[in-house]
Amino acid sequence: MAKVTLISENSSRFDGVDRMGIGVRVWKSWIWPGIKIALVAVIAVALVKIAFFSSAPEESAALPTGQVVEPVISPVLGTITNDVTLTANVQESPAVDAKVPMMGTIDTVYVTQGARVEAGDVIAAIRNEKTPTAAAPSSPEASGEPQAAPAAEPEYEWNEIVAPTAGTITKLNLIEQQQVTVGEAPVSITPASFIVKGTIPPAQLYRLATTPADAQVTITAGPAPFTCTELRIASGAAAKSSSAAEDPSGASGAAETTDTTTVTCKVPAEVTVFPGLEANVVLHGGVAENVLTLPITAVKGQAETGVVFVQGADGAIEERPVKLGLTDGTLVQIAEGVSETDIVLEFVPGADQASPEECYIDPMSGAEICGMLGG
């Protein structure tokens, strides 16, 4: 009897294990995959509804609810440094003419073509015979006829053609016994010096209330910045004449510079430069300290006089004339017309909002270069 009971208990145990294994397999093979399929179907239906059947917003929701407000500012105290920066290059100094100071005849020429002269050296001597005075008749001889006075030695006045500057004689149109007249330029001398020459837009001349006597020059990849002296600004007819003198052939290239304003200054003798080197030139147009300023975008007009648009307490805009001072291309000095308490439009109504000047330091030359933002 004990043996039969033992076999029965083992059979019951194995039947339970089999039933549990069958349940696990059914869960993994049928129930869990079914749940996943159902979840995927629900998510897919939701996405389709969102994509194709979502309710459109009402039209009124797209209508603007605000209004455009013009930006405003007030004049503030500041300092304006008015430096005009331009690009240029190094050139040999132009030839200088030695002119004839007196009408007469060339007596002696002391120099030759290509000779080196110093300022004040005599190039040639000029003589001019004086008009003889009428001679008084001599006392009559025994024959009773007056005798002619003996001919007097001719008298001359003398003068000299001198070198106006030191340099090399590059033109010498003189020979002895040649007749010359006052103002002729038969001799040209090219100095052993250099100039820096560049161009400046005519509109920038408004920024130069007075013409500076010198400029700060930085040679690209050259020596330290130096002061360039004998500054000259030539515009209009003067610039055209200068271009024609430098290009006597009359080539079309000279005619193209008719409307160009040129800036030239002399390189100091102790600074080593070479023709063709590029340079940056800074013209100091003055400094205005502790003055009222506005951005140039707020002013209609940028030189001498202008108009600003002042906003009243009720929001109304009033045009007000102002007197202008210095400008640095970004800010402009307001000399008269508004105060610190006034509120003005930051941008002139209806005007293109041009980008102000952006200035940066050239890492190669160390010079400040200014240009239009976005240009």
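Predicted model: local features only at pLDDT ≥ 70, side-chain atom pairs only at ≥ 80, totals over all residues.
1. Start with the confidence. The protein averages a pLDDT of 79, and 71% of the residues score at least 70. Two stretches need some care. Over residues 247-257 the pLDDT is below 50, and this stretch has 3 contacts in the model beyond its near neighbours in sequence. Residues 371-375 also have a pLDDT below 50, with 9 contacts beyond near neighbours in sequence.

2. You'll find an open sheet of 4 strands, in the order β7-β6-β4-β9, with antiparallel pairing. At its edges sit β7 (156-162) and β9 (179-180), each of which pairs on one side only.

3. Strand β4, which covers residues 104-109, is joined to β9 by 2 bridges, and the two run antiparallel. As background, strands of a sheet pair through backbone hydrogen bonds, either parallel or antiparallel.

4. Now for the surface. Ile22, Val26, Trp27, Trp30, Ile31, Trp32, Ile35 and Leu39 form a nonpolar patch there, and together they have about 830 Å² of accessible area.

5. One member of that patch, Ile35, makes a handy example. Ile35 lies in helix α1, which spans residues 2-52. Is Ile35 buried, exposed or partly exposed? Its relative accessibility is 35%, so Ile35 counts as partly exposed, given that this class runs between the 20% limit for buried and the 50% limit for exposed.

Terms used:
Residues numbered from 1 in each chain as written. Heavy atoms only, no water. pLDDT = per-residue confidence, 0-100. Contact = heavy atoms within 4.5 Å. Pairing = 2+ DSSP bridges. Patch = residues over 30% accessible without salt bridge, like charges linked within 9 Å, V, L, I, M, F, W, Y side chains within 5 Å. Areas by Shrake-Rupley, 256 points an atom, 1.4 Å probe, with all protein chains shown as cover. Salt bridge = Lys/Arg side-chain N within 4 Å of Asp/Glu carboxyl O. Buried < 20%, exposed > 50% of the residue type's maximum accessible area, 1.4 Å probe, protein only.
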